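User: I am new to this structure and would like to learn how its features are read. Please take me through them in order.

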Amino acid sequence: MQRFQQKNNIVSSGSISTTGYGVVGQKTRAKIAARCMPDLTSSGIQFLTTALSSAVLNTPYQTQIAVKTIFPFPEIRWEITKGSLPSGLTWRQGSLAPGGGACIAFPCYNTDTLITGTPTQAGAYPFTFTVIASNGGNSRAPEYSASQDFTITVLTANTYYIRVV
């Protein structure tokens, strides 16, 4: 890690406690993300799911939202930071698991959340999911996050067809 930090003009001397030399901190993480996977945010987190399917009123619904990270963060939290799910739907967080592909010498990791239930009111429900990644209780290590806006539209069960003669 120290060689990577030197080569990329992040830090070239010191210690873990004084300059972060040899530790994957905010600047190092951003540089790795930029060089390895330019489609990731500087946090090293990318939403793979960017849109959700519509639901039908009073009909069971299930969908998954997937995220890729470039680091095996010890702690990953999902939060709805704006809006809400349609009534009748809930979500649960999945776990962090090794994912496909690699970033130079850094493997990718995937995490997801599952939305399930039976919607009880029609309408459009916009919300924002935020994924927060941290280094597990290390007060010197910053948290990283990425957010994505979604909308679940709950349609009524009645579908009408118009016949054109």
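User: Is R77 buried, partly exposed or exposed?

Analyst: Residues are classed by relative accessible area: buried means under 20%, exposed over 50%, and partly exposed in between (1.4 Å probe, protein chains only). R77 has 32% relative accessibility, so it counts as partly exposed. Two remarks on the source apply throughout. This is a predicted model, in which local features need pLDDT of at least 70 and side-chain atom pairs count only at pLDDT 80 or more, while totals for chains, interfaces and linings use all residues. Residues are numbered from 1 along each chain as its sequence is written, and side-chain values use heavy atoms, with hydrogens and water left out.

User: With which residue does E79 form a salt bridge?

Analyst: A salt bridge is a side-chain nitrogen of Lys or Arg within 4 Å of a carboxyl oxygen of Asp or Glu. By this rule the count is one salt bridge. E79 forms it with R77, and the closest N and O atoms are 3.6 Å apart. E79 is partly exposed, with a relative accessible area of 31%.

User: How many helices and strands does the protein chain have?

Analyst: Both are DSSP runs numbered from the N terminus: helices are H or I with at least four residues, strands are E with at least two. The protein chain has two helices and nine strands. Their order from the N terminus is α-α-β-β-β-β-β-β-β-β-β.

User: In what sense do β1 and β3 pair?

Analyst: Two strands pair if DSSP finds at least two bridges between them. β1 and β3 are antiparallel and share three bridges. F47 has V67 in β3 as its bridge partner. Seven of the nine residues of β3 are buried, so this strand is largely enclosed by the rest of the structure.

User: Which residues touch the most other members of the largest nonpolar core?

Analyst: In soluble globular proteins, nonpolar side chains tend to be buried together. A nonpolar core is a set of buried Ala, Val, Leu, Ile, Met, Phe, Trp, Tyr and Cys residues joined through side-chain atoms within 4.5 Å. The largest one here has 23 residues, of which F47, I115 and I152 touch the most other members. At least two residues of this core come from each of β1 (45-47), β3 (61-69), β4 (75-83), β8 (123-134) and β9 (144-155). Contact means heavy atoms within 4.5 Å. Beyond its neighbours within four places in sequence, I152 is in contact with residues including L52, Y61, L85, I115 and F127.

User: Why is the pair of F47 and W78 called edge-to-face?

Analyst: A pair of aromatic rings is described by the distance of the centres and the angle of the planes. Rings of Phe, Tyr and Trp (its six-membered ring) pair if their centres lie within 6.5 Å; planes under 30 degrees apart count as stacked, over 60 as edge-to-face and the rest as tilted. The structure holds six such pairs. For F47 and W78 the centres are 6.0 Å apart and the planes stand at 85°, so the pair is edge-to-face. This pair links distant parts of the chain, with F47 in strand β1 and W78 in strand β4, 31 residues apart. F47 is buried at a relative accessible area of 8%, and W78 is buried at 4%. F47 and W78 form one aromatic cluster with W91, F127, F129 and F150.

User: Where does P126 lie, and is P126 buried or exposed?

Analyst: P126 lies in strand β8. With a relative accessible area of 51%, P126 is exposed. Setting aside residues up to four places away in sequence, P126 touches K82, G83, S84, F150 and T151.
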